[in-house]
Amino acid sequence: MGVFAMYYIISRLRFNINDFLRVIISLMIYIFLALATYSAAILVGAFANRHANISLVSLIVNIISISAPLLLFLTAKTGTKVSSRSGIIAAIAGGLLISVFTLALGKSYEQNNVAIVGPVVFGGSIVITSILSYFLFKEKIVPLQGLGLLLVTIGLGLVVYSRIK
């Protein structure tokens with residue numbers, strides 16, 4: 001839907017680069033926000049795990065990370081979206097997985113360089129989630145995206161190889 005909206009807007013304009021950039025930014029603002037905050041969280045988390053007990057850091061991070069969504073949920077208008085049982089079960093499973101992830105990531109930061117952990121964990125998750133979303137959600141992987149995933153995989157191989165060597 002975002003691509004269609006962008007195409008429609010661009011086709012109606014006389015193709016002004018400023019308008020084009022404004023459309024791109026408005027459609028991707030949350031992606032860029034997620035990228036920036038997650039990158040900052042990686043660096044802050046690595047620092048914390050090198051200077052405090054890993055279990056304590058994991059506990060603090062998880063408690064703090066539920067505060068904003070809990071506040072939003074408690075103050076949200078009722079009836080905004082119906083929650084199904086399967087959605088709630090998936091959310092619980094996701095929370096458990098995030099807990100294990102936080103502990104494993106903390107231990108990884110303690111034992112390795114951020115420049116190794118970051119690319120392997122997050123680049124690897126790009127490849128894995130893209131491939132699994134193809135099978136689980138029937139999402140399409142276009143050839144250019146497939147090429148990008150191949151390049152990420154090659155890059156990850158080089159990062160891991162440099163660590164081993």
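Predicted model: local features only at pLDDT ≥ 70, side-chain atom pairs only at ≥ 80, totals over all residues.
User: What is the volume of the largest pocket?
Analyst: A pocket is an open set of points on a 1 Å grid over the protein atoms alone, where a 1.4 Å probe fits, with protein on both sides within 12 Å along at least five of seven lines; lining residues have an atom within 4 Å of a point. Grid points are joined across faces, edges and corners, and the volume is the space filled by probe spheres set on the points. For the largest pocket this is about 590 Å³.

User: Which element gives the most residues to the lining of the largest pocket?
Analyst: The lining has 23 residues, and Y38, A41, I42, V61 and S65 are the closest to the pocket centre. Helices are DSSP runs (H or I, at least four residues), numbered from the N terminus. Two or more lining residues come from each of α2 (17-51), α3 (54-75) and α4 (85-111). The element that gives the most, with 9 residues, is α3.

User: How many residues does α5 supply to the lining of the second largest pocket?
Analyst: The second largest pocket has a volume of about 390 Å³. Its lining consists of L35, Y38, S39, I42, G118, F122, G123, S125 and I126. The share from α5 is the largest, at 5 residues.

User: Is V117 buried or exposed?
Analyst: V117 lies in helix α5 (residues 114-136). Setting aside residues up to four places away in sequence, V117 touches L105, S108, Y109, N112 and F122, where contact means heavy atoms within 4.5 Å. Buried means under 20% relative accessible area, exposed over 50% and partly exposed in between (1.4 Å probe, protein chains only). Because its relative accessibility is 5%, V117 counts as buried.

User: Why does S58 count as buried?
Analyst: S58 belongs to helix α3. Apart from neighbours within four places in sequence, S58 is in contact with S99, T102 and L103. S58 counts as buried because its relative accessibility is 6%.

Definitions and conventions:
Residues numbered from 1 in each chain as written. Heavy atoms only, no water.
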